[in-house]
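Hi,

Here is the structure I promised to pass on to you. Please have a look, and then read on for what turned up in it.

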Amino acid sequence: MTLLASASDLRGQDQGSGNVRLSWEYPGDIAVLGIVFDVFGSADPQDVFRTRFAQDVAATAVALEGLGLSGDRYFTVVARRGDLLSLPARILRLAVQPPVAAASPPAGGSDAALASGVGFPFGISSRGGVYAQGGDLLLRGKILQLLLTSPGERVNRPDYGTRLLDLVFDPNSDVLAATTQFMVARALQKYLSDEIQIDKVLITADDAMLNVDISYIKKADLRSELVRVGVPLPGGAGA
């Protein structure tokens, strides 16, 4: 089998915010030879071909941007012309600085400039005003309010909420868990889809408790979060 010449002298530069720039050398004029390159990488040096970050690169350099890379990353490059491939270039280890996360507001939202909503549960602050929250705390409060509000409680929004608190009167079973999973996911999608992307709703039940785990991604900064709500149940499994 005929192999193409491999790329050599693979170099990398961390450009901050999870972006990197890679460059390499090739023995010959890639335009004349019709050579393009595929760029692979991974956080595992034993599995460097896990992700193809770039394909059909008709140059000896590439910028990998907007991928949110961080930590030690391992890269290699493969030359290609049609169906002919080269052996991979020497694996490059590159330490990548993660994107800078947005600053979180102080607990309780005491800074009026950062507060953006009424805190949950409702209360009075040490200054005598309405307890307020912002950022992550406000969003988690919105999720809890939605889950713990029964439909019909809000006069102007009769469909708002879930039946989660009513489940204390239902027998614990697999059917109950499946129904709860669908109900919670639908409510979150309907009322909070502008702020979060639901990753997973997991329902686990034991003899006395129904646990609702909600994994979601905040659209504001693409960070993953998890909220758990436990609902006590009166009956044993299958009762």
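Predicted model: local features only at pLDDT ≥ 70, side-chain atom pairs only at ≥ 80, totals over all residues.

**Strands and rings**

Strands β2 (residues 20–25) and β5 run antiparallel and are joined by four bridges.

Now to the rings, where the count comes to five aromatic pairs. F53 and F75 make a tilted pair, because their ring centres are 5.9 Å apart and their planes stand at 50°. F53 is in strand β4 (residues 51–57) and F75 in strand β6 (residues 71–81), so this pair ties together parts that are 22 residues apart in sequence. Both F53 and F75 are buried.

Y160 and Y191 form an edge-to-face pair, with 5.0 Å from centre to centre and 70° between the planes. Y160 sits in the loop between α2 (135–148) and α3 (174–192), while Y191 is in helix α3, so the parts tied together here are 31 residues apart in sequence. Y160 counts as buried at 7% relative accessibility, whereas Y191 is partly exposed, with a relative accessible area of 23%. Y160 has a charged neighbour too: the charged end of R154 sits over its ring, 4.2 Å from the centre.

Finally, W24, Y26 and F37 form one aromatic cluster.

Best wishes

Terms used. Residues numbered from 1 in each chain as written. Heavy atoms only, no water. Pairing = 2+ DSSP bridges. Helix = DSSP H or I, 4+ residues; strand = E, 2+ residues; numbered from the N terminus. Phe/Tyr/Trp six-rings, centres within 6.5 Å; stacked < 30°, edge-to-face > 60°. Buried < 20%, exposed > 50% of the residue type's maximum accessible area, 1.4 Å probe, protein only. Lys NZ or Arg CZ within 6 Å of the ring centre and 35° of its normal.
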